[in-house]
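Here is a short briefing for a first look. Please keep the sequence and the structure open while you read.

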Number of protein chains: 2
Amino acid sequence: MEILIKNGRVIYDNLKVVEADVYIEGNRILEIKKGIKREADIVIDAKGKVVSPGFINAHTHLAMTLFRGLADDIPLQEWLETYIWPREAQLKPRDVYKGALLGALEMIKGGTTAFVDMYFHMEEVAKAVERAGLRAYLGYGMIDLGDPEKLEKEIKKSIGVLTFIENLNSERINFIFAPHAPYTCSIECLKRVRGLADEHGKMITIHVAETKREVDGIKREYGKSPVELLDEIGFLRDDVIIAHGVWLNDKDIMLLAERGVSVVHNPASNMKLGSGVMPLKELLNRGVNVCLGTDGDASNNNLDMLEEMKLAALLHKAHTLEPTVADARTVFKMATLNGAKALKLNAGVIREGNLADLVIIDFNKPHLRPANNVISHLVYSANGNDVETTIVNGEILMLDGEVLTLEEEKVMEEAQKVADKLHEGG
Amino acid sequence: MEILIKNGRVIYDNLKVVEADVYIEGNRILEIKKGIKREADIVIDAKGKVVSPGFINAHTHLAMTLFRGLADDIPLQEWLETYIWPREAQLKPRDVYKGALLGALEMIKGGTTAFVDMYFHMEEVAKAVERAGLRAYLGYGMIDLGDPEKLEKEIKKSIGVLTFIENLNSERINFIFAPHAPYTCSIECLKRVRGLADEHGKMITIHVAETKREVDGIKREYGKSPVELLDEIGFLRDDVIIAHGVWLNDKDIMLLAERGVSVVHNPASNMKLGSGVMPLKELLNRGVNVCLGTDGDASNNNLDMLEEMKLAALLHKAHTLEPTVADARTVFKMATLNGAKALKLNAGVIREGNLADLVIIDFNKPHLRPANNVISHLVYSANGNDVETTIVNGEILMLDGEVLTLEEEKVMEEAQKVADKLHEGG
């Protein structure tokens with residue numbers, strides 16, 4: 001299919017905003033210039049609108065849409081033990097499918113085009129995402145807690161998901177290994193995952209240094225920080241994406257930089273759970289690739305990457321009292337280009353030859369006028385509801401606010417039913 | 001006019017969510033119950049929607065919409081001196097009118113029903129707000145810098161605005177005295193304002209303790225904190241609304257509580273400018289009435305009170321590392337009831353007899369489903385774009401997303417022209 005987007009303000013390479021048409025052929029951006037004259041199956045008029053790279057949500061748990069607003073304003077352990085885990089234990093594969101569909105719908109509406117997910121019943125997530133049309137990196141969250149039998153089961157489940165996804169043979173759905181965290185996975189588990197990732201040519205994502213409690217625990221057990229521990233066993237390479245990275249010391253940061261590890265910042269979740277504040281400035285100064293993620297809906301409570309950008313930009317200014325930290329351009333790159341870099345994806349930038357993963361945002365709204373500074377408006381004033389059109393892999397998932405791949409009403413109703421059932425049972 | 005809102009989920013007294021109809025007669029809420037059978041001029045079906053008190057933005061500078069995205073990520077002084085002040089100096093009354101109209105449009109769209117504003121050319125702001133239909137408390141920002149001649153001029157301008165607003169004879173537009181801050185106003189100015197407020201029966205709003213620099217300066221000059229200084233001259237009473245209140249010590253907080261002063265929290269602005277973090281928990285523990293505000297668009301960069309609630313809820317959890325701080329209900333009250341309290345307004349709560357200042361929010365959206373926790377969703381997941389209908393003083397300003405009192409396109413175009421002109425000149 002060919003798509004021609006006319007007269008938009010295009011966020012081009014290096015975040016330069018140019019007035020141009022964008023021509024998409026198949027799953028690629030073929031041409032970007034003024035007055036393109038080519039034939040196309042669909043012509044979209046983007047006058048007064050901004051054509052932006054789609055957002056890459058580098059850390060989330062899609063099906064947790066089901067727990068949105070279930071429990072807020074309580075400490076992490078109580079939240080997990082009293083509210084989340086008992087309900088997760090009840091989740092059937094079909095429930096995860098429905099939760100994932102709701103999450104996918106939310107992402108399409110908010111302009112996310114690709115994401116990294118860690119959860120369970122991931123075959124169901126893969127099915128939901130395949131249907132929705134998003135690009136995804138899906139991993140089964142492995143937890144062995146040092147139990148060798150459990151480890152074998154977890155590896156089997158992971159390989160099961162890998163095989164399922166390979167068999168889907170989708171251009172968009174990818175497998176990623178997802179050991180949960182250094183405090184829930186044994187050294188043996190982490191080493192096995194590293195080996196399997198090499199063997200299968202897959203990437204790895206893992207929660208690291210999210211809470212002080214975690215770091216203190218690892219230090220007590222191993223006498224070193226989680227990052228040092230991971231490095232010592234040869235785990236850290238440039239195919240590893242760590243989520244959170246809140247409690248990192250200088251040595252950790254140096255190691256992450258040296259190994260080319262990507263780190264995902266989740267400001268809303270870290271703030272909401274009182275986890276702490278990532279040393280963003282130090283990470284960026286050392287050249288670490290920092291991406292952006294929303295974490296799951298239960299601890300955010302949405303998947304809105306535009307809102308997440310503002311949170312990132314504001315949090316670090318408040319934390320350091322330096323208004324120059326986490327400037328709009330830096331944060332915009334975290335939500336787009338850096339995510340693509342982490343995933344080795346030719347996306348995150350609207351450029352000839354790149355994947356056609358992009359969104360159109362309506363700037364004809366009072367909170368986006370005067371429209372003098374596109375990047376600033378996207379970071380500081382826009383939100384997910386401003387996204388009008390979402391294109392992934394050259395396919396239009398939402399056009400002028402209407403989602404084409406999913407029946408919105410039905411997806412919402414089905415997820416509501418699952419949540420109602422869990423609520424009664426919980 | 002009578003309005004009947006059918007089948008909504010109504011946020012009633014004490015934030016109890018009830019399924020009910022709401023009947024509005026004139027500018028008041030007359031009845032709230034299931035199955036109201038009365039005749040009405042307009043019947044609104046709110047099935048699947050939430051009827052919420054309108055938001056009260058207790059501190060902003062409306063016409064600064066013109067400077068949205070003009071300059072971000074730079075220190076406060078440079079921001080003011082290089083970007084804002086030179087442009088403000090060029091602003092003609094008509095420019096302020098157009099900027100204020102854009103701000104009013106933004107507020108209506110985002111569900112704000114009342115606000116407190118401090119700026120200049122306030123007659124123009126009054127005209128814009130009168131036309132838009134919002135409820136407002138408008139004050140001329142007085143700055144005398146210790147110059148007695150300037151002081152007389154500032155008082156004359158203030159009284160001019162007061163007279164202008166009295167002559168408007170509007171139910172919605174109110175005058176408020178607005179000396180800029182203790183560091184820009186002389187003691188004499190502050191005393192005169194206090195006397196004039198008593199004489200005319202008007203309230204006062206003032207910036208206090210926004211930055212450490214300000215507090216240090218006042219301490220050097222007067223040997224006491226800004227709050228102590230204001231208290232010593234008898235300035236602080238329960239008709240005073242101070243904006244920011246970032247750098248407050250225990251004694252300040254006690255004084256504010258004793259005098260019944262209201263304090264406006266502006267999380268986005270304080271974060272963006274790196275001003276510091278308000279001691280919210282301590283203020284609330286002492287029983288101080290804390291409201292919520294967006295500050296001006298130049299330092300936010302929007303007027304979205306739903307977004308502001310999330311920022312408030314998250315900021316204090318991140319700052320204290322306590323996830324129980326600034327819970328959703330507390331923050332929701334800051335944005336509604338507490339603002340009304342500060343303004344001695346029978347609003348901020350949907351209750352029989354109260355002013356009909358309310359909004360209808362569409363919950364039939366993926367990021368607001370499953371719809372199990374209304375207050376949580378409003379604070380943590382919704383944004384201004386989710387507001388569908390805005391009613392102020394019994395008048396419908398926006399119905400199903402369409403603003404009835406202003407021509408949206410024209411308002412945006414006119415403000416754009418002003419901004420373009422300033423940009424060329426600046």
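Leu283(A) has 20 C-beta neighbours inside 10 Å, so Leu283(A) counts as buried. A residue is called buried when 20 or more other C-beta atoms lie within 10 Å of its own. The model is a predicted one.

**Around Leu283(A)**

- Leu283(A) lies in helix α10 of chain A, which covers residues 280-285.
- Setting aside neighbours within four places in sequence, Leu283(A) is in contact with Ile253(A), Val263(A), Val288(A) and Val290(A).
- Leu248(A) is 35 residues from Leu283(A) in sequence. In space, their C-alpha atoms are 9.2 Å apart.

**Helices α11 and α12 of chain A**

- Helix α11 of chain A spans residues 305-320, and helix α12 of chain A spans residues 328-335. Their axes come within 9 Å and cross at roughly 135°.
- That angle is why α11(A) is oblique to α12(A).
- The crossing of α11(A) past α12(A) is right-handed.
- From α11(A), the contact draws on Met305(A), Glu308(A), Met309(A), Ala312(A) and Ala313(A). From α12(A), it draws on Ala328(A), Val331(A), Phe332(A), Met334(A) and Ala335(A).
- By class, the contact of α11(A) with α12(A) has nine nonpolar residues, no polar ones and one charged.

**How α12(A) is covered**

- Most of α12(A) is covered, with six of its eight residues buried.
- Which residues of α12(A) are buried? They are Ala328(A), Val331(A), Phe332(A), Lys333(A), Met334(A) and Ala335(A).
- Elements of chain A cover these buried residues, including the strands β6 (55-60), β12 (262-265) and β13 (289-292). The helices α11, α13 (337-342) and α14 (374-380) of chain A are also among the covering elements.

**Helices α2 and α3 of chain B**

- The axes of α2(B) and helix α3 of chain B (residues 122-132) come within 8 Å. They cross at roughly 35°.
- α2(B) passes α3(B) in a right-handed crossing.
- On the α2(B) side, the meeting residues are Pro93(B), Val96(B), Tyr97(B), Ala100(B), Leu101(B), Ala104(B), Leu105(B) and Ile108(B).
- On the α3(B) side, they are Glu124(B), Val125(B), Lys127(B), Ala128(B), Val129(B) and Ala132(B).
- The contact of α2(B) with α3(B) has twelve nonpolar residues, no polar ones and two charged.

**The two chains together**

- Chain B superposes on chain A by a rotation of 180° with 0.0 Å of shift along its axis, at an RMSD of 0.0 Å.
- The two copies are therefore related as by a two-fold rotation axis.
- Within chain B, Asn385(B) has the C-alpha nearest the axis, 3.1 Å from it.
- Both copies use the same surface, as 100% of the contact residues of chain B recur in chain A.
- The contact between the chains takes 56 residues from chain B and 57 residues from chain A.
- Five helices of chain B each supply at least two residues to the side that touches chain A: α2 (93-110), α9 (267-272), α11 (305-320), α14 (374-380) and α15 (408-425).
- Which helix gives the most to that side of chain B? It is α11(B), with six residues.
- The side of chain B that touches chain A has 24 nonpolar, 19 polar and 13 charged residues.

Note on methods
Residues are numbered from 1 along each chain as its sequence is written. Chains are lettered from A and ligands numbered from 1 in the order in which they are written. This is a predicted model: local features need pLDDT of at least 70, side-chain atom pairs count only at pLDDT 80 or more; totals for chains, interfaces and linings use all residues. Axes are lines fitted to C-alpha atoms, for helices over the stretch in contact, and angles run from 0 to 180 degrees between N-to-C directions. Helices (H or I, at least four residues) and strands (E, at least two) are DSSP runs, numbered from the N terminus. Angles under 35 degrees count as roughly parallel, over 145 as roughly antiparallel, 65 to 115 as roughly perpendicular and the rest as oblique. A crossing is left-handed if the near helix is turned anticlockwise from the far one by less than a right angle, and right-handed if clockwise. Two residues are in contact if their C-beta atoms, placed from the backbone, lie within 7 Å. Ala, Val, Leu, Ile, Met, Phe, Trp, Tyr, Cys and Pro count as nonpolar, Asp, Glu, Lys and Arg as charged, and the others, Gly among them, as polar. Copies are superposed by least squares on the C-alpha atoms of residues with pLDDT of at least 70 in both. A residue is buried if 20 or more other C-beta atoms lie within 10 Å of its own, exposed if 12 or fewer, and partly exposed in between; C-beta atoms are placed from the backbone.
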